[in-house]
Amino acid sequence: MKYNFIVFGGTGQQGRICSRDLLESGYSVMLAGRNKEVVEDLLRNKKAGFMKVDLRNSDNIAKAIIKSGADVVVNCAELVFNVAVMKACLKTNKSLTDLGGLQYITKEQFKLHNEFKKSKLVCITGCGSTPGLLNVVVKHAIERFDKVDTIDLGFVWDSNIKKFVIPYSMHSIFDEFTQLPVTFHKGKFLKENRIICRGTRNFKAVGKQTVYCIVHSEVYSFAKYFKKYGLNNVHYMAGFPEHSAKVIQLLLNLGFSSNEEIEVNGVKFRIVDFTDKVLGRLNISKGYKETENLWAEINGTINGKTKKMKVDCIIKTVRGWEDAGSNIDTGRTISIMSQMIKNGLIKEKGVFAPEAVVPHKLFIKELSKREMYVYFDNKKIN
Amino acid sequence: MKKYFVLGGYGIVGKAVVNDLFRYSKNEIIIIAGRDENKARDFAKSFNSKRVKYQKVDISNEKELVDSLIGKDICINCVQYYFNLRIMESCIKSKTNYVDLGGMFHMTKKQLEFCKEFIKIGKCAIIGMGGAPGLSNVLASYAGNKLTKVNTIEIVFADVDYTKYNQSFVLPYSFKTLVEEFTLNPAIFRDDKIRFVEPRSGVKEYNFGKEFGKQTGFLTLHSEIATLPDYFRKRGIKRCEFRVTFDESFIEKLDLLISLGFSSNKSVEFGKKETKIIDSTTKIMNKLVPNKGVNIKDKEIIRVILNGDKIVDAITQSNGKMSAGVLDTGIPCSIASQIIMNGKVCKSGVFAPEDVINSTIFFKELKKRNIIIRENGRTIS
């Protein structure tokens with residue numbers, strides 16, 4: 001059987017969310033991953049297939065793409081595989097989407113722009129919630145401005161039951177909390193020497209929360225794509241509810257985020273992988289609900305007048321998707337963008353961040369169908 | 001020359017035992033033994049003395065263990081208590097005296113059942129001979145023997161730490177032991193019966209005076225409760241309890257790790273191989289001992305309260321390299337081993353410290369090592 005999409009990392013949380021969204025949208029999906037047992041429910045759908053793939057061997061990636069016969073490749077695996085998957089797509093002549101990397105990986109990915117362009121292929125990197133959804137929404141907002149001086153943006157979230165659940169990839173969280181943030185400040189990239197607390201802010205959906213400047217790819221992509229607006233400053237900030245931040249900080253302090261390989265009872269493994277596996281065993285309490293508030297504050301001018309615009313995207317746990325919490329905004333966003341490539345709605349060729357090529361009006365409409373709502377200055381726009 | 005065989009002698013407490021033996025047991029051979037030959041060799045070489053030797057021993061191999069014990073005068077067991085029974089059995093086969101650091105109540109009960117075998121071979125085993133259990137038991141027997149009636153015994157320990165650490169978290173002792181203290185049902189002796197209560201229950205505040213201040217403790221499973229009620233039965237004992245104290249932020253961190261599943265006995269899979277979560281977490285956590293070069297400045301108090309008002313304390317101060325908690329665990333074990341070797345315990349069998357340790361001799365030895373004994377606030381040794 002020839003599939004519409006192949007989803008790498010298809011058995012991980014985002015891969016499962018994305019695959020389900022693609023299947024429910026009527027497409028056929030080859031789930032490529034390691035643990036078939038976690039996707040048994042999805043495999044009941046006749047349009048779904050499973051393939052065991054170990055991405056650590058790059059030859060496996062191209063072979064899997066060819067075998068699936070997919071039109072578009074969707075990469076929901078850990079960010080360390082992003083470049084390898086892109087190279088496999090070049091080899092097999094396929095366009096792709098991925099969930100993005102931190103700044104240093106994003107930079108490596110953009111280096112393949114000309115090769116993708118030459119091959120008449122598109123790669124959209126950073127197609128999750130943030131980077132991803134928020135980039136396109138900011139693009140939609142920014143079109144109203146003549147000039148933009150500063151964009152502050154980020155995410156905050158909270159849950160009704162104050163019990164730790166994995167918010168998103170622990171590998172990414174640990175990276176974000178250990179790598180020094182880069183900000184775009186007065187027109188220049190500035191490497192900060194520590195994670196900077198930016199104080200407590202009040203957010204539309206979760207109330208007061210403390211936010212920290214962390215490393216994130218939007219700082220680069222906004223500086224690149226919104227240059228024409230005269231953009232001077234971009235700051236990316238993350239906010240976790242206290243009960244979650246406490247756990248992350250504890251694990252960092254105790255060394256549970258380390259990449260060091262250790263051996264216990266004859267089994268060798270990286271500490272961070274062990275941490276991920278232990279946390280992955282946590283059950284989500286009955287009735288657990290999350291709210292995520294992606295946000296941006298845009299400072300600039302509209303028709304020559306100073307304007308500060310508040311942008312909010314509010315994502316709540318959706319009925320039928322309870323086990324995914326507010327993570328639906330990552331897996332379902334990459335699904336929407338991948339469908340847009342498949343359906344020829346994205347014409348550009350090369351490597352791009354979503355704000356550069358995703359049709360924003362259409363995308364925001366798709367969000368609404370999935371109960372993800374966008375507000376400009378507290379007014380719902382979808 | 002007599003031979004001390006220190007199993008796990010390169011571990012945190014093992015090192016304290018070996019240091020003390022080297023300093024106070026003149027002319028006798030000390031063998032540092034364990035499965036990691038490199039660690040044993042490195043530590044042995046650091047003494048630069050022919051008296052200190054090392055030997056690789058895998059305690060999971062019974063024959064290897066028995067063979068290595070033959071010809072040794074005493075086995076000092078400083079490894080995790082899960083191996084106590086196996087090591088005692090090997091001592092019986094090799095006819096070797098035995099001392100260990102405790103068995104978390106249930107193991108202690110099983111160990112006492114070896115008494116006949118030790119009598120048969122004419123050797124002595126003292127079990128639970130660290131700080132608590134160990135020193136705590138001797139404090140109880142010392143104070144209790146002065147009273148005609150002993151109705152209640154409470155044991156508690158606390159610490160004050162002035163060390164300037166360059167790390168955000170310091171593990172005071174084995175992570176596995178900590179997890180057990182936090183999660184196993186504590187045994188208490190009440191109205192002639194051993195009862196098991198909820199983990200972390202029985203919260204009580206103690207005032208340790210000026211230096212240690214007020215600290216809050218909770219009940220934990222400990223070996224003292226397995227032996228002291230029998231020792232004081234004739235004096236009418238009705239209640240015996242053990243509590244540990246930790247500061248609130250430490251409790252919060254341990255609680256979090258436990259609630260996240262890091263102390264689970266289940267396994268996780270890497271490739272086709274499985275590893276137990278608790279073993280892996282222990283390996284990660286045990287890295288969090290104080291960094292080398294840190295000047296450790298802490299004090300520990302082990303307090304025994306009889307009948308509510310008879311208070312005996314043992315106070316230990318760190319020596320810069322080792323914490324008070326390590327010293328007051330390792331030193332009593334070394335002293336007891338030397339007492340056995342010097343023939344000051346002539347009995348054969350398996351004993352709790354209160355059964356065989358003469359408190360006068362013991363306190364005198366502690367004093368030489370700057371461990372102070374106070375009785376109702378008055379220094380007595």
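This is a predicted model: local features need pLDDT of at least 70, side-chain atom pairs count only at pLDDT 80 or more; totals for chains, interfaces and linings use all residues.
Chain A holds 14 helices and 19 strands. Its radius of gyration is 20 Å, close to the 21 Å given by the globule rule for 382 residues, so chain A is as compact as a globular protein of that length. Taken along the principal axes, the C-alpha atoms of chain A fill a box of roughly 60 × 50 × 40 Å. Of the 382 residues in chain A, 51% are buried. Among the contacts in chain A with a separation of 6 or more, 68% involve residues 24 or more positions apart.

Chain B likewise comes with 14 helices and 19 strands. For its 381 residues a compact globule would have a radius of gyration near 21 Å, and the 20 Å of chain B agrees with this. The C-alpha trace of chain B spans about 55 × 50 × 40 Å along its principal axes. Buried residues account for 49% of the 381 residues of chain B. When contacts in chain B between residues at least 6 apart in sequence are considered, 69% of them join residues at least 24 apart.

Turning to the domains, chain A is divided into domain 1, built from residues 5–130 + 330–363, and domain 2, built from residues 143–326 + 370–380. The centres of these two domains of chain A, taken over C-alpha atoms, are separated by 22 Å. Where they meet, 16 residues of domain 1 of chain A are in contact with 17 residues of domain 2 of chain A. On the domain 1 side, two or more residues each come from helix 5 (103–110), helix 12 (328–342) and helix 13 (354–357) of chain A. By class, this side of domain 1 of chain A has five nonpolar, eight polar and three charged residues.

In chain B the assignment gives domain 1 as 3–130 + 325–357 and domain 2 as 135–324. The C-alpha centres of the two domains of chain B lie 22 Å apart. Their contact takes 20 residues from domain 1 of chain B and 30 residues from domain 2 of chain B. The elements giving two or more residues to the domain 1 side are helix 1 (12–24), helix 5, helix 12 (324–341) and helix 13 (353–356) of chain B. Helix 12 of chain B provides the largest share of that side, with five residues. The residues on the domain 1 side of chain B divide into 10 nonpolar, six polar and four charged.

The two chains also touch each other, through 19 residues from chain B and 20 residues from chain A. On the chain B side, at least two residues each are supplied by helix 10 (248–259), strand 13 (267–270), strand 14 (273–276) and helix 11 (277–285). The largest share, six residues, comes from helix 11 of chain B. This side of chain B comprises 10 nonpolar, four polar and five charged residues.

Helix 11 of chain B also packs within its own chain, against helix 8 (residues 175–183) of chain B, at an angle of about 120 degrees and with the axes 9 Å apart. The two helices of chain B are therefore oblique to each other. In this packing, B:Phe175, B:Lys176 and B:Val179 of helix 8 meet B:Ile278, B:Thr281, B:Thr282 and B:Met285 of helix 11. The residues of this contact comprise four nonpolar, two polar and one charged.

Two local views complete the picture. In chain B, B:Thr108 sits in helix 5 (residues 106–112). B:Thr108 is buried because 24 other C-beta atoms lie within 10 Å. Apart from its neighbours within four places in sequence, B:Thr108 contacts B:Gly102, B:Gly103, B:Ile127, B:Gly128, B:Ser223, B:Ala226 and B:Thr227. B:Ala352 is 244 residues from B:Thr108 in sequence, with 8.9 Å between their C-alpha atoms.

In chain A, helix 4 (residues 82–92) has A:Asn82, A:Ala84, A:Val85, A:Met86, A:Ala88 and A:Cys89 as buried residues. These buried residues pack against strand 1 (5–8), helix 3 (58–68), strand 4 (72–75), strand 5 (95–98), helix 5 and strand 6 (122–124) of chain A. After helix 4 of chain A comes A:Asn93, with a positive phi near 65 degrees.

Methods: Residues are numbered from 1 along each chain as its sequence is written. Chains are lettered from A and ligands numbered from 1 in the order in which they are written. Helices (H or I, at least four residues) and strands (E, at least two) are DSSP runs, numbered from the N terminus. The radius of gyration is taken over C-alpha atoms; the globule rule is 2.2 Å times the number of residues to the power 0.38. A residue is buried if 20 or more other C-beta atoms lie within 10 Å of its own, exposed if 12 or fewer, and partly exposed in between; C-beta atoms are placed from the backbone. Two residues are in contact if their C-beta atoms, placed from the backbone, lie within 7 Å. Domain bounds come from an automatic or database domain assignment. Ala, Val, Leu, Ile, Met, Phe, Trp, Tyr, Cys and Pro count as nonpolar, Asp, Glu, Lys and Arg as charged, and the others, Gly among them, as polar. Axes are lines fitted to C-alpha atoms, for helices over the stretch in contact, and angles run from 0 to 180 degrees between N-to-C directions. Angles under 35 degrees count as roughly parallel, over 145 as roughly antiparallel, 65 to 115 as roughly perpendicular and the rest as oblique.
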